[in-house]
Amino acid sequence: MGNLTAFISGGTSGINLGIANEIAVRGGRILVFGRDGAKAHAAAEQLRVHADAEIMAGSADVRDPAAVRSLVGLAAQKLGAPNLIVAGAAGNFMAPAVNISPNGFKSVVDIDLLGTYNVFKAGFEVIERPGSMIAITAPQAVMPMPQQVHVCAAKAGVNMVVKVLAMEWGQLGIRVNAISPGPIIGTEGVDRMAPGDADKAAWVEQIALRRFGTAKDIARAVLFLSSVDGAYITGTVLDCDGGMKLGNSGGDWG
Ligand code: NAP
Ligand code: COA
């Protein structure tokens, strides 16, 4: 695939903004959107330092299929048909199940799982063929974690949505994959799970590559999956996590 035209849900901060940035560096056309329009415009301004890129900011809640469909349609008119859809929007909070109401559980499942489906469905209507769709999943999809029952359920669902859509849409020239980031430095998620420097240092000691990931690490995985190098890859969940999911690598093994 040559130049990317990418529509990125949740592209207004964190990892997804990092993905947008790497595509902007390469002169891509990009829609970034979240719920907060002002935040989206600020992100777009940041991306416009890359003069060759064309950036559109939008606002839509991924829980609202009509809003997503309308924004994606508008972006396809403005930027042209996308050849990459990234479903990256997510919500999370840490709480034990006894403190998560049915609505708290539903909110996260609606954003992460149904939201991913809504973004892919809207993307399906406009995506170029061949084209690539990527969901940003999380270790919680396969690693049960206390205080994360809602996220574990939602992201496990995301992994299966990716696999089923890959089976159904492969014949149409659409590849559907997921990337599962490990802990990414500078994100709210990592700061919540390891608030202090000591917590972070202890965590890093358990990761095989002995460092947190960066948004750029994830962006590079997106570029790989969307390029000709990834042309025969569909229905996969690519771990980009420094070996985190292998388990606790702590100790001096050298
Ligand atoms: P983040 O900075 O909090 O970004 C979340 C993005 O999603 C924002 O753009 C936010 O914008 C948008 N968003 C949230 N709810 C939305 C909704 N209902 N509709 C539309 N947009 C919505 O998150 P991050 O930490 O970079 O995480 C990005 C992705 O990576 C997520 O899928 C997350 O599960 C995954 N992940 C993160 C880590 C990590 O270390 N942080 C590790 C593994 C996986 P608004 O607030 O304006 O809506
Ligand atoms: N513990 C327990 N329940 C919580 C909670 C917490 N820390 N935070 C929110 N909830 C519950 C609320 O109480 C509410 O349930 P209720 O109606 O039964 O009281 C439910 O979640 C929805 O809350 P609300 O604030 O209306 O949700 P929202 O739709 O505006 O926001 C969230 C969604 C809750 C996921 C919010 O954390 C969010 O917007 N996150 C985006 C940023 C983020 O999480 N980034 C990291 C990405 S991995």
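Which residues does Met133 touch, not counting residues up to four places away in sequence? With contact taken as heavy atoms within 4.5 Å, Met133 touches Ile85, Phe120, Gly123, Phe124, Ile127, Trp169, Ile174, Arg175, Val176 and Asn177. This is a predicted model, in which local features need pLDDT of at least 70 and side-chain atom pairs count only at pLDDT 80 or more, while totals for chains, interfaces and linings use all residues. Residues are numbered from 1 along each chain as its sequence is written, chains are lettered from A and ligands numbered from 1 in the order in which they are written, and side-chain values use heavy atoms, with hydrogens and water left out.

Met133 is also among the residues with the most contacts inside the largest nonpolar core, together with Phe7, Leu31, Phe33, Phe120 and Val176; that core has 31 residues. A nonpolar core here is a set of buried Ala, Val, Leu, Ile, Met, Phe, Trp, Tyr and Cys residues joined through side-chain atoms within 4.5 Å, and buried means under 20% relative accessible area, exposed over 50% and partly exposed in between, with a 1.4 Å probe and protein chains only. Among the elements that give two or more residues to this core are helix H4 (102–124), strand E5 (131–136) and strand E6 (174–181), where helices (H or I, at least four residues) and strands (E, at least two) are DSSP runs numbered from the N terminus. A second, separate core of 30 residues includes Ala6, Ile15, Leu17 and Val222.

Ile15 and Leu17 are also among the buried residues of H1, and because nine of the 12 residues of H1 are buried, this helix is largely enclosed by the rest of the structure. Its end C-alpha atoms are 17 Å apart, which agrees with the 16 Å that 12 residues should span, the expected span being 1.5 Å times one less than the number of residues. H1 is followed by Gly27, whose phi is positive, near 75°.

A search of the whole structure finds zero disulfides, a disulfide being a pair of cysteine sulfur atoms within 2.5 Å. The sulfur of Cys152 lies 20 Å from the closest cysteine sulfur, in Cys240, and is therefore too far for a bond. Cys152 counts as buried at 13% relative accessibility, whereas Cys240, at 21%, is partly exposed.

Finally, 15 residues surround ligand 2, each with a heavy atom within 4 Å of it, and the closest are Arg35, Arg63, Asn92, Ser101 and Asn103. A polar side-chain atom lies 3.0 Å from an oxygen atom of ligand 2 in Arg35, 2.8 Å in Arg63 and 2.5 Å in Ser101.

Terms used:
Polar contact = N/O pair within 3.5 Å; in protein donor to acceptor, adjacent residues only side chain to side chain.
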